[in-house]
Amino acid sequence: MSSLLHFYRTRSATTINQLKPLQHIRSRSPDDVLFRRTEPTTYISEDDDSNNRVPTTTSNSTTVEMTKKKKSKAATIAKDFKSRAANLIRRRTTEATLSEKSLIPSREDVQSWEESFDALLRHRYGQALFRAFLRTEFSEENLEFWLACDEFRTCKEPKRSAKAKKIYMDFIAIGAPKQVNLDTETRMSTIANIDNPPLETFDRAQRRIQGLMEKDSYQRFLKSELYINLLRRTTYPIQRRTTTEMASKSS
């Protein structure tokens, strides 16, 4: 009997010892549990704030870059529009010159162009016809530079410096929109006079480009349909009158 009581007492003590941790867990206050649950949330929130601040800086820099790209794109579009407008004006001027009947050259004029490149450049209709040919070869800038140099010689002192700088920026500077093919010595000697330009500032460069056109584009122009067709149109009426006169004389 005593052993049986000892067994039950030992079993009860063991059970009570096992239940003590559970009582301890149940005795925790709701605030303690809430505090322990919110600690990780607070830690994550701080991480979130630090992570959110980085994208904010990145977003600002991205906005600045996008703004710069938009401005650059707008400037490029404006520059392209200006260039196209200038080309359109030149093209219409050329077409108007070629269609003006009072400017149609005589047979002697057309034949003289074959003998002298300078005569072609100095004739208004011949110059317009040669420009139209250069446009088909995408080398119109050579003639434009030649004409700009020719115009510079008539420029008076107050406007001469600005005109010289414009010619330099358009045709001579490295990477210029209409850069012409000049050797280094000619380019450097021309640049040396840009700040205080005399009337002869571009003479050497102009002769250089004229020589290149005469050896290259001019020779192809004389064989082009533009020139040959004009030569036929100006020659045909003479031949027809001659044939008519010969027929009337023979009758």
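Predicted model: local features only at pLDDT ≥ 70, side-chain atom pairs only at ≥ 80, totals over all residues.

Let's start with Asp 118, which is partly exposed at 34% relative accessibility. By that I mean in between the two cut-offs: buried is under 20% relative accessible area and exposed is over 50%, with a 1.4 Å probe and protein chains only.

Residues are numbered from 1 along each chain as its sequence is written, and side-chain values use heavy atoms, with hydrogens and water left out.

Back to Asp 118. It forms a salt bridge with Arg 122, with the closest N and O atoms 3.6 Å apart. For a salt bridge I want a side-chain nitrogen of Lys or Arg within 4 Å of a carboxyl oxygen of Asp or Glu. When I say helix, I mean a DSSP run of H or I with at least four residues; strands are E runs of at least two, and both are numbered from the N terminus.

How many salt bridges are there in the whole structure? The search finds 16. Another one pairs Arg 220 with Asp 216, where the closest N and O atoms are 2.3 Å apart. Arg 220 is partly exposed at 35% relative accessibility, and Asp 216 is partly exposed at 37%. There's also a network: Asp 118, Arg 122, Asp 150, Arg 153 and Asp 203 are joined by salt bridges that share partners.

Then there's Arg 208 with Asp 183, a salt bridge at 3.6 Å, N to O. This pair links distant parts of the chain, with Arg 208 in helix H9 and Asp 183 in the loop between H7 and H8, 25 residues apart. Arg 208 has a relative accessible area of 32%, so it counts as partly exposed. Asp 183 comes in at 26%, also partly exposed.

Arg 187 is buried yet has no salt bridge; Asp 183 is the nearest side chain of opposite charge, and it is 7.6 Å away. For charges, Lys and Arg count as positive and Asp and Glu as negative, with His and the chain ends not counted. So what does the side chain of Arg 187 reach? The backbone oxygen of Leu 182, at 3.2 Å. Setting aside residues up to four places away in sequence, Arg 187 touches Ile 172, Ile 174, Gln 179, Val 180 and Leu 182. Contact here means heavy atoms within 4.5 Å.

Zooming out now. The chain has 11 helices and 0 strands, and 25% of its 251 residues count as buried. Of the contacts with a separation of 6 or more, 63% are between residues 24 or more positions apart.

On to the core. The largest nonpolar core has 34 residues, and among those with the most contacts inside it are Trp 113, Phe 130 and Phe 221. A nonpolar core is a set of buried Ala, Val, Leu, Ile, Met, Phe, Trp, Tyr and Cys residues joined through side-chain atoms within 4.5 Å. The largest share of this core, 7 residues, comes from H6. As for Phe 221, leaving out neighbours within four places in sequence, it is in contact with Leu 120, Leu 129, Phe 130, Phe 133 and Tyr 227.

Also in H6 is Asn 142, which is buried at 16% relative accessibility. Beyond its neighbours within four places, Asn 142 is in contact with Val 180, Ile 209 and Met 213.

Last stop, H5. It is mostly covered, with 10 of its 13 residues buried; Arg 131 and Arg 135 are among them. From first C-alpha to last, H5 reaches 19 Å, close to the expected 18 Å, the expected span being 1.5 Å times one less than the number of residues. Tyr 125 sits in this helix and is buried, at 5% relative accessible area. Tyr 125 and Pro 105 are 20 residues apart in sequence, yet 6.9 Å apart in space, C-alpha to C-alpha. After H5 comes Phe 138, with a positive phi near 55°.

That's my tour. Over to you.

Terms used: Polar contact = N/O pair within 3.5 Å; in protein donor to acceptor, adjacent residues only side chain to side chain.
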